[in-house]
Amino acid sequence: MYTTELQKSNQVRAIEDPEKLAAFEARVAADEFIEPKDWMPEAYRRTLTRQISQHAHSEIVGMLPEGNWISRAPSLRRKAILLAKVQDEAGHGLYLYSAAETLGTSREEMIEALHSGKAKYSTIFNYPTLTWADIGAIGWLVDGAAIMNQVPLQRTSYGPYARAMVRVCKEESFHQRQGYEIMMAMCAGTADQKRMAQDALNRWWWPSLMMFGPPDADSPNTAQSMRWRIKRETNDELRQKFVDITVPQAEALGLKVPDPALEWNEARGHYDFGEVDWEEFYAVVRGEGPVAKERMAARREAWEEGAWVRDAAAAYAEKQAAKKAA
Ligand SMILES: [Fe+2]
Ligand SMILES: [Fe+2]
């Protein structure tokens, strides 16, 4: 999949107007934002459309594993916080679909691609949320990894995407804290609560490391995306950063990261860590994740059951426009 994308972009590069391409690349190199009406190479447009729409899908599908727990939150306070967090994710999806639409693909086309299984979303959301501690682990690790990925995207070269990220990142840091606070409460609780917290870390650790994507050596799109400043840091750089920041947080909780190879490397100034199970990652990318089918079924059902809301909003907008015209 990655190779054909790259081959396609190389072919497109060959047929672009060399003068326009050079001017575009100079603007990107000078850290200028590219805006919707500006000229851009087709491969840039296609890569961004894919990346932003995948990102939007991930926000929306990401509501599902946590949505399962809104009615089962252990207190009113926890319920109100989780509800706000899940609503934020819906908002992130909306900003991102809007940003992707400025590149010329309609919202309907993007949703259709998600529902038909053609478009991808983050592999992490194909794992089940078994206990309340999972809600803590998701906020701490999954939103934590999302922040790591998204902070550099505030300086991505496409203006609408970069601006959407500024607000998203502020909200993500609240998400990460609420998750960590759940973990703190559970780790300071009964022996059973602490066991639940450890079990959640055991199950979410490796899938969280997979969120940064395949190793740089197996990610041939990375070089072009770095050159066009769509991506500002590589998958492996971001993964290392995440490990370095998260391991001391696990220690502060009194939890053990489930990786026997994990060790501080004084010479490198970073943690060494074990190899991610890439076979599992690619299986989940292919749609074979533990709850992939349930997630898509829930997504399609929400879309169908929400049809009356979309119809009502469209009818209202039409009525308002007619009134204005009269
Ligand atoms: Fe989000
Ligand atoms: Fe989030």
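Predicted model: local features only at pLDDT ≥ 70, side-chain atom pairs only at ≥ 80, totals over all residues.

Glu59 in helix α3 (residues 42–61) and Glu89 in helix α5 are 30 residues apart, and the pair links distant parts of the chain.

## Glu89 and the site of the iron ion (ligand 2)

Glu89 bridges the iron ion (ligand 1) and the iron ion (ligand 2), and the two ions are 3.4 Å apart. With a relative accessibility of 4%, Glu89 counts as buried.

The iron ion (ligand 2) is coordinated at 2.0 to 2.2 Å by Glu89 (OE), Asp143 (OD), Glu172 (OE) and His175 (ND1). The site of the iron ion (ligand 2) is also described as irregular, its 4 donor atoms making angles of 87 to 165°. The sequence spacing of the donor residues of the iron ion (ligand 2) is E-x53-D-x28-E-x2-H. Here the pair of Glu89 in helix α5 and Asp143 in helix α7 (residues 132–150) links distant parts of the chain, 54 residues apart. Both of these residues, Glu89 and Asp143, are buried.

## Tyr97 in helix α5

Tyr97 lies in helix α5, which spans residues 76–101. The relative accessible area of Tyr97 is 3%, so this residue is buried.

Which residues does Tyr97 contact, leaving aside its neighbours within four places in sequence? The contacts of Tyr97 are Ala56, His57, Ile60, Arg107, Met110, Ile111 and Leu114. Thr49 is 48 residues from Tyr97 along the chain, and the C-alpha atoms of these two residues are separated by 9.6 Å.

## Aromatic pairs

The whole structure holds 12 aromatic pairs. One of them joins Phe24 and Trp39: the ring centres are 6.2 Å apart and the planes stand at 80°, so the pair is edge-to-face. This pair links distant parts of the chain, with Phe24 in helix α2 (residues 18–29) and Trp39 in the loop between α2 and α3, 15 residues apart. Phe24 counts as buried at 2% relative accessibility, whereas Trp39 counts as partly exposed at 29%.

The rings of Tyr44 and Trp228 also form an edge-to-face pair, because their planes stand at 80° with the centres 5.7 Å apart. Tyr44 in helix α3 and Trp228 in the loop between α10 (221–227) and α11 (235–253) are 184 residues apart, and this pair too links distant parts of the chain. Tyr44 and Trp228 are buried. Phe24, Trp39, Tyr44 and Trp228 are linked into a cluster by ring pairs.

## Charges over rings

The charged end of Arg72 sits over the ring of Trp69, at 4.0 Å from the ring centre. Arg310 lies over the face of Trp303, 3.4 Å from the centre of that ring.

Note on methods:
Residues numbered from 1 in each chain as written. Chains lettered and ligands numbered in written order. Heavy atoms only, no water. Helix = DSSP H or I, 4+ residues; strand = E, 2+ residues; numbered from the N terminus. Buried < 20%, exposed > 50% of the residue type's maximum accessible area, 1.4 Å probe, protein only. Contact = heavy atoms within 4.5 Å. Donors = N, O, S within 2.8 Å, 3.2 Å for Na, K, Ca; no water. Tetrahedral: all angles 85-135°; square planar, octahedral: opposite > 155°, others 65-115°. Phe/Tyr/Trp six-rings, centres within 6.5 Å; stacked < 30°, edge-to-face > 60°. Lys NZ or Arg CZ within 6 Å of the ring centre and 35° of its normal.
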